[in-house]
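User: I am new to this structure and would like to understand how its descriptions are reached. Could you show it to me and then take my questions in turn?

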Amino acid sequence: MGTAFYIAAAVAILSTIMVITRYNIMHALLYFIVSLLSVAVVFYLYGAPFMAALEVIIYAGAIMVLIIFFVMMLSLGSQTAGDERSWMTPGVWIGPSILCIVLLGELVFLILQPAGPAGEVRVVEPKEVGLSLFGPYILAVELAGMLLMAGIVGAYHLGRQKKKIVHRFLETSES
Amino acid sequence: MINPTTAGLILAGILFILGLISMLIRRNIIFMLVSVEIMLNAAGLAFIVAASKWGQPEGQVMFMFILAMAAAEVSVGLALILQLYHQLKTLDSDEASRMRG
Amino acid sequence: MEWMYLVPALPFLGALLLILFSGKTGKAGVIAIGCGSIGIAALITIIAGWQFLQSGIPAYDQHLWEWLRVGDFSIGMNLRLDALSLAFTFVITFVGCLIHIYSTGYMADDPDFARFFACMNLFVGSMLMLVLADNLLLMYLGWEGVGLCSYLLIGFWYKDPENGAAARKAFIVTRVGDTAMAIALFLLVQHTGTLQLSVVLERVQTLWTSGDETVVWIAFLLLGGAVGKSAQLPLQTWLPDAMAGPTPVSALIHAATMVTAGVYLIARTNIIFNLAPAAQAAVAITGAVTLLLAGCSAWVQTDIKRVLAYSTISQIGYMFLALGVGAWSAAVFHFITHAFFKALLFLGAGAVIHALHHEQDMFRMGGLRKSLPGVFLVFLIGSLSLAAIPFISSGWYSKDQIIWLAGVTERGSSWYAWAAVLGAFITAAYTTRMMVLVFFGREQTHVHHKPGPEMMIPLYILAICSTLAGFLELPHTLGHFTWLSDFLAPVLPAPAVLHADVAAEWGLQAITAGLAALAIYLTWRLINAPFPKKAGAFLRSGWGFDAAYDVLFVQPFVRVARLNRKDIVDKIYTGLAAITRTFHRMMSSTQSGILRWYVLGVVMGAVLILSVIIWRHSL
Amino acid sequence: MILLAFILFPLIGAFLAWASAAVHASLPRWVALLVMLAGLILAAGIWIQPEPASIAGADWRYVYHQPWMPRFGISLSLAMDGLSLLMIVLTFFLGALAVLVSWDEIQDRTGFYFFNLLFVLGGIAGVFLVMDLFLFYFFWEVMLIPMYFLIGIWGHGHRLYAALKFFLFTQAGGLLMLLSILGLYFVHGASTGVYTFSYAELLQTPMAQSTGRWLMLGFMAAFLVKLPAFPFHTWLPDAHTEAPTAGSVILAGLLLKTGAYGILRFVLPLFPEASHAFGEWFMLMGAIGILYGGQLAYAQTDFKRLVAYTSVSHMGFVLVGAFAFNELAYQGVVMQMITHGISTGALFMIAGVLYERLHTRELEKMGGLWAALPGLGTITMVFVMASLGLPGLGNFIAEFLILAGSWQAYPWIAVLAAIGLVVATVYSLRIMQKVFFGISLKEFKLKDMSLREAVMLLPLVIVIIWLGLFPQRVIDTAAKGAPSVAFQNKDK
């Protein structure tokens, strides 16, 4: 495990911290892209070059850009940042942080438990991945395809600008 | 020196926890979506590390599924946020609490 | 004798008619039905009694119908006429008839005339059922029936809540005794398998020997029933309060007949008591103590009817004493004379009360000797009997027999005899006090209207009877005439006299007579002497029994009832409901709709699960 | 077939009554009354006619059997013996009176009201006749739900609370019974290979001691709640108080009897061993119920609530008698079921009559009514006396037999129960004092009983006196329906 990993890991952690502390959503998203890129480096270091490429292309490229465009479309200006500032008072941090650090401690403890022989990093070729994807996991692939399809349809349906629909339950509770 | 698997998993854990903290403290619903993405990504990292430890392709296969799911989730999630924003004129998730028991 | 069933049936029928046609028959109709049914019953009794005496059979049974039969256990609606029941039936119908006639005058102005006669008829019917029953269950029917009528008639003037309270007290206190009696019946059913009196008494003798535990229990429980009905210690408290009823009721029910039901019961089951010496001793002690305590209470009363009530308790104490020493026929003898003279006294008192517009306080009476000479005369005759003035009063013959036998029978003791003598002294004292206060001295309340013939004629008849009834039996000292005990002999065994000494009897009679005379003299002289206030109040309240029962039983019951009105058990279920509701609220409040809280829940769950894993791992 | 008629009469009548409401609002009353009278005549006819030869070696008078779901061993199996016959007569007698009671009281949605009323009665008739445990549970539920509506729709102030409480209590008990029925079904199937709900077959189920005891407790749960026994009685005062008069009459007169009937018909014969084992405890429970119910009855200020607690007290006698295991007590229990139905039903009717005149049930607001209502007072007196067990009235026979029988089993429990007689006197006389005696608070100008009220109360008076003086007819009939186990001495 070389220096490259530690640098990439440090960048990933730092940028993620930046993500969760920003008030401006644009800044946060850009930091998240940095985080994703460094995680892609880590993927590469763990012998998954194809996955690293996918991480960059789909996650950082497609998904993040989708969110960024979405944010831009809603044109959330400084008002949101102000909201964010007012919501994220230091007091809000304390409880969740303690809880999560406890959780992290437990995770680390479990990870550090000796389990099996410590192996070196082994490269798994994209070919192998492809073979097993379209071999034993073909059904899962189909399902993933259907999920994406459903995502498209759902997004289209929900995203349509139609006249304001108030759900009947919401309506009754309002009255 | 800790071995690569442990190091990778700890990194995944840290990233996941950071996402979780974000999830807990944010009220802006877009940020919450992003937090979910952070956590999904961390989970994917754990799979990759595991794949490299055992030298098996299954970990990477799982990552691909996570990727596909994240994509679908983001698209539907964003559409929902859009609707919510149109109806409530805010992104505060606490405002969308009318379906309480 | 075949018409015997009509004796109880006619009063019942009369009561039924009076209830069904209440208010539609007019006063004459009510009188015709009420008095007529009892009168005919009395006639039938006399005829049946005559036939019975002629036939010489020990008992006449009449089977009406089968009441209930479960397996081997069978109870018939059967009547049985024998010497004992004939004596009681005669007194009941005869005195009952006279009191009915008297009531037509006494109650003439009452708006509930018909109801009064319905209840009275019902009472006579039940009482006849009680004495004519051939089995204990049927006797129990009459037993409770007279209790009901007593309740109805004590509370006859229902508008006053105090009368209602007195009525309920009478019913409830006697019910306590009745329950004891019921348990005795269960024991008899269990061991003898029947309640038919003749069979029970037969089997009892083969099942147990004298003093066996079970038979003693049975006897004690029967005694419990008897003391309840006959107002003996410790259940005597209801009788003085029962005077709240109209005076004819007091005369008929609370003096002449119903209260002697206990005497009848014990006399009827004399074989059982014979087998249970402890219980029989308890009967005697109950009688002796009661006659003294009640006599003392009678001494200090101000209400004329309460004097008579306590005197009744005391006189029944004499009967119990007689029963307790095995002088069965003496008890019945005293019952007969007492029925006459006490009915006479009550009716006389009623005439006084009626004449003075319902004034019952003796200290507001006085001097009535002149304004009510007829009443004075009969009252005097009754009082002489009550005070047991030798030779000319029936009370003397019967009471003297008891006093004598209490000392000399096998189960007797000189203590009993002395208690009885002392009781005679007290009796003479309070009787004199009553006479003096009511009829002598200065007239304090003016007489409004004199009693009419329908009231006076029964009084005269009773006066004659209470003089003549004494001659049914004469003591050894006066020729030893024993017609009544001979007549009762098939049912009631003769007392086991240990040492019949005529000289001693003379002596006892002399002492008794002397004490009575002394009592009369002292009372006459000291009528206005001051009496210690506290002791007077204590005696007047009947030795504090009422207060004690109030604290011991009534108050706790009422208090618990009041506290627990809402039913504490329900709290378990409402508590359960409240807990469920609280859970519901807690669970429902977690569904706040705020997303972050849900996430927090997930996180906490994860922490928890991992903690468990680590904990198990580290084990 | 005649047995089917007893169930179908009320059920079909129920629908007819509902339908006839569309024609005229008062028509359902007549339909209901006719149906009930027809049933009563039929039942009385069976009772009067000489007994037919017993069927199948048992004491059955009539048997009707029709396979229904043979796959699960469920059949439409009806049978009538002396016990069922008496209960059926009582059902139709009180049912007819309940219709009369509701004549003027119910003016709202009469069709649906009489539909429910008749449906309850149909369910009760079913419970008394059915000899298949599956159908027994079915009818057990059938009588529950219309009763819920009767209380919940036509009741007084807190009717919804009372109805819900009634429903929850009885339903909880009923579900435990269902569990036990299923348990018995499978235990029987496992040991004999025959899976059946038939009562006759299940009678001889061999089972382990502990199994039998648990199953018996399941059955008892339903019956104790229904009876109701202390400490499961608390639904009763609420339900009785809030129900319309006819509802109270049916509740007290019939529904409670299904619990007692269940004990006699199912618990004792199906689980003789367990019944003997737990007998003393259940008797103690009954004795506590007698005293506790009496104590609480004394404390009440609401007329109907008071009467409701007297029911608790009186049904305690049933429990005491049922587990005494001898013929005296058994006959007493049957008598108590009938006489309690009549006397308590009558007291509820009287409460209803008073409510129609005074518009209150509070005892504190009554008093001195004798002057205005001597007729009603006389009748009340009869039933108050019945309730305290005056000899000459039916209740005395019942209580005497129960106590005499239970004395032979456990004397100390009989003593406790006998103390109940004193308590009964205390609370019963309180009714008379508070309602009819004492000073009247105001000058009541009330009319005494109307013809309709006389017609519904006088038969009850006659019957209660008849039962007190000539109980033999009932005893003879009931003897032909006694579960044989009831006579077994516990020593055997």
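Analyst: Among contacts in chain A between residues at least 6 apart in sequence, 56% join residues at least 24 apart, where two residues are in contact if their C-beta atoms, placed from the backbone, lie within 7 Å. This is a predicted model, in which local features need pLDDT of at least 70 and side-chain atom pairs count only at pLDDT 80 or more, while totals for chains, interfaces and linings use all residues. Residues are numbered from 1 along each chain as its sequence is written, and chains are lettered from A and ligands numbered from 1 in the order in which they are written.

User: What makes up chain A, helices or strands?

Analyst: Chain A has eight helices and zero strands, where helices (H or I, at least four residues) and strands (E, at least two) are DSSP runs numbered from the N terminus. Of its 175 residues, 25% are buried, a word used when 20 or more other C-beta atoms lie within 10 Å of a residue's own, as against exposed for 12 or fewer and partly exposed in between, with C-beta atoms placed from the backbone.

User: How many residues of chain A are in contact with chain B, and which element gives the largest share?

Analyst: On the chain A side 69 residues are in contact with 59 residues of chain B, and the largest share of that side, 11 residues, comes from H7(A). The side of chain A divides into 55 nonpolar, 10 polar and four charged residues, with Ala, Val, Leu, Ile, Met, Phe, Trp, Tyr, Cys and Pro counted as nonpolar, Asp, Glu, Lys and Arg as charged, and the others, Gly among them, as polar.

User: Why are H6(A) and H3(B) called roughly perpendicular?

Analyst: Their axes come within 9 Å and cross at roughly 70°. Angles of 65 to 115 degrees count as roughly perpendicular, under 35 as roughly parallel, over 145 as roughly antiparallel and the rest as oblique, and H6(A) and H3(B) are therefore roughly perpendicular to each other. In this contact A:Val129, A:Ser132 and A:Leu133 meet B:Glu58, B:Gln60, B:Val61 and B:Met64.

User: How do you know how compact chain D is?

Analyst: Chain D holds 19 helices and two strands. Its radius of gyration, taken over C-alpha atoms, is 21 Å, close to the 23 Å that the globule rule gives for 492 residues, so chain D is as compact as a globular protein of that length; the rule is 2.2 Å times the number of residues to the power 0.38. In chain D, 63% of the 492 residues count as buried.

How values were computed
Axes are lines fitted to C-alpha atoms, for helices over the stretch in contact, and angles run from 0 to 180 degrees between N-to-C directions.
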